[in-house]
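The sequence and structure are shown first.

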Amino acid sequence: MPVKRLVSIFLALSLVTNAMAQKLTFMPQWTPQAQFAGFYMAQEMGFYAQEGLDVEILHIKANSTESILTQLVGGKVQIAGQQLLQSIIARSDGQKILNVMQITQKSGLWCVSRTPVSKPEDLQGMKIGRWKAGYSEFCDILETYNNLRIDWVPFINGINLYVYGAVDATLCYNFSEYIALQLAIGDIPDNQVIKFSDFGYECPEDGLYVTEEYYSRNKDAVDKFVRASKKGWEYARTHRKQALDVVMRLCNENHIVTNRAMQGRMLDSYISLQTNPATGKIDYAPVTESAYNNVVRALLETGYIVNRPEYKEVIR
Amino acid sequence: MKRQKSFSTRLSLNVLFVTSVLFLLAIGVASVSAHLLIADEAENSAGNLLDATIAKIEKSLMEIETAVQVTAWIADENKDSKAYLYELTKAVVEKTDKIQGCAIAFAPYYFEGEYYFSPYSSRNQQTGEIQTIQLGNPSYDYFYMDWFQIPSLSGNPCWSEPYFDEGGGRFYMTTYSYPVKDSEGKVIAIVTADVSVEWIADILESVRPYTSSHVSLVSRSGAYINIDSGSSIIGETVYSTLAYVDDDDDDIDSLVMSMMSGTKGMRKYSRGSNLSFAVFGPLANGWILSISCDYREVLARTSKMQVILIFIALIGLLLIFISCYVIIRKLTNPLVKFSESARQIAKGEFNTELPEIKSEDEIKQLRDAFDDMQHSLNEYIENLKKTMATNERYSSELNVASRIQMAMLPKNFPQQENFDLCALLKPAKEVGGDLYDFLQKGDKLYFTVGDVSGKGVPASMFMAVTRASFHFLVNMGIELDELAGTLNNAVCEGNDTGMFVTMFIGCVDLKTGEFRYCNAGHNPVVVNGEFLDVKPNIALGLFPGFKFRMQTGRLEPGAHVILYTDGVTEAERSDKQQFGDAALLEWARSHSGLATQKEACCNLLDAVHTFTEGNEQNDDITIMTLKIK
């Protein structure tokens, strides 16, 4: 019977397609939160599956001793969220990693002080909290360029050193710790905040990275992942409530203590960082060569890198 | 037609209305006072409750703080023996129920070659077994944990933010950290006690003053401490919950800001239409306790009281209405009987018996007044009857006088071949003051028309005298001027009342047509449709001895003479328009050809009546017409 035969062929093809779905593990930079809402929505809405990918989103543990980069290079994960700065250093150190998608186009790095401050020089001599997990390169660049001596205090959990008065100021991302601070102690006066991008410390941050080796063998799968992720972000932008529902569900599943107001504000702030200043649109444009060169120059000047990785080696 | 309510109903309703207003005012004032008093009391009680609760929690926290401080001292004294330190943490957990875990965490490399050293004992919530381990390892880098880092950096003990203990019994926990310092003041270790906050939740639940009250304890970063594992506010802060309410809710914003400022206070705030208040104050460790109460629940007791008051008021009002109605009805019952008596009296039964009143009040006064009225009415009616009898007699006598007066005037008018004469007098009252007369002596025909000043009996008597005198003097055969003078003197004599009479006296020689006449202040006569030219003499009876002037003329055959009194020309319609000289002349010109003078007299009278349109006649009307053939 022709109909039965057609159905059988279709079922067989489906099975083959499923069997052929490429497995891929993606690790965002941190534990579940709205910063990664676009990827969650791509998974939730089946955008990855539609591209023929079987994606697992694996979050790093807050107390993990193994960095994301190590896990990427070691092959535990195939795609990872990383900042440009750390990625250039890794590349310079010989880690063959590539940027396959630039998510944020601007820097959301701020410093919140307990006393009024207006410029980086005002941070002289302060005890300032920063992440134990990284981003210390920026602190060194800041100190070198402004001839500052700062007592850096590493922390794991965002804001409590500041709230309990154990530090004079704290570094924070405007889409994360800054919002947590607002929700802990109320509105923070503008004159206690330094936005580093206002002083020329502009560096595109979050992007997606893969190893060169993986990319050479799975270019098609990476492209599909990027395409589906962009679709996921677009969906998150236009379905805020649904995206927040998913974020909160994942937070609960992973025992992340947070609240919806925090995640909602994080999503809004993070989406605004995705706007390309050149076009005014969210287009996930690759990092420009000049922006790349600025970061490389700063890293060379502060001695973080010795070899200069070329733009085309890192940015695809 | 709408039936009028009875006096007693209306008065009772008015009393009910006034009383209701007073009751409402009283209830309103009482309610507002009670509201204010109870609200004030509730705010004070909540403040006291807050203080007592803070003291209670602080006492319990202090027990733990003391235990940790003692442990820190012992640990410091025995830090050379690692095994002792392990035992010490175990003993602390064993001996202190509230402490679920205890750590003595040393700074990095305090012990040579050992980056981490932190003996830690904790109680398994399910089995109650106490487990002791070394806490630090690369996966748990405790130097960067709040409980270690904050007291290390600040050098002061502190209570951590609440956290969820995932390892043990999934309890909501907080950790008290106490820094151990060396002789130089450098922090060498942190001694901690993990405490479940469930007992705090129990305390807070037990002090909840009202069912709808919220008693909350929040940490320095606004996290709720008194929540259980299933609560939806895990992870929320006071500011995050604020984010879910309306942006414009300034009340709540300022409440949270005041609360989190770490000062003690009380604030009122509204959520939608609900007004609430919250008292809040800080604990010594920086946590903030708040108790909120909804005024609706606080004031629920007064609302119940209000309902009872209104119920009592309604019953009171009903009783007042009924008693008012009954009393007024009883009081006004005699009035109903009075109205019946008044109706009988109105029908003419003046001797109707009045109701008996035993009381000595206004009703009795009314009854007396009614009694007086009854007597007065009886007297009045008696007098009226007498007066009416007298008036009837007078009226009858006047009729007689009128008939006598009319009888004095000639009724028979001679129908002769050389003249036709007729006259009529229509008095305005029963007896009038007008007169007319005529007398034929040989070929001479004397005629006169007069008008006595005033009306009624005196005027008629004056008229009778004048007419009798005229008759007498005509018979004496004297000239008309002398006749008028003599007549004037006669009526002047004894004329104390000042009456007078106007007269026109004429005499026509029927053979020759000679016409002699004397006018004593009377209206000019009309001859052939024109007023006769008369000399102005005065009326008779005013000045004795006055010389009257006589005039002469001719009345040719066919001449038509009209004599009249001012009752004709001054006859008025209702709009005060008078008949007038012009209408008289017009009538004279158009009616000279009538067959008889009787017909002419009647016709002129009809013309006057037609003109006055039935308006009441206010003066005597006398008409005399003469036709010379």
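## Polar contacts at the interface

Across the interface of chain A and chain B, seven residue pairs are in polar contact, both residues being at pLDDT 80 or more; a polar contact is a pair of N or O atoms within 3.5 Å, one able to donate a hydrogen and the other to accept it, and residues adjacent in sequence count only if both atoms are side-chain atoms. On the side of chain A that touches chain B, β7 (151-155), α7 (160-163), α8 (177-185) and α11 (260-273) each give two or more residues. Of these elements, α8(A) gives the most, with four residues. Helices (H or I, at least four residues) and strands (E, at least two) are DSSP runs, numbered from the N terminus.

One salt bridge is counted between the chains, a salt bridge being a side-chain nitrogen of Lys or Arg within 4 Å of a carboxyl oxygen of Asp or Glu. Lys132(A) pairs with Asp141(B), with the closest N and O atoms 3.2 Å apart.

## Extent of the interface

In this interface, 26 residues of chain A are in contact (heavy atoms within 4.5 Å) with 26 residues of chain B. The two chains bury about 2,300 Å² between them, 60% of it on carbon and sulfur atoms; this is the accessible area (1.4 Å probe) lost on being put together, summed over both. Tyr164(A), Leu183(A) and His255(A) supply 25% of the area that chain A buries against chain B.

## Basis of the model

The model is predicted: local features need pLDDT of at least 70, side-chain atom pairs count only at pLDDT 80 or more, and totals for chains, interfaces and linings use all residues. Residues are numbered from 1 along each chain as its sequence is written, chains are lettered from A in the order in which they are written, and side-chain values use heavy atoms, without hydrogens and water.
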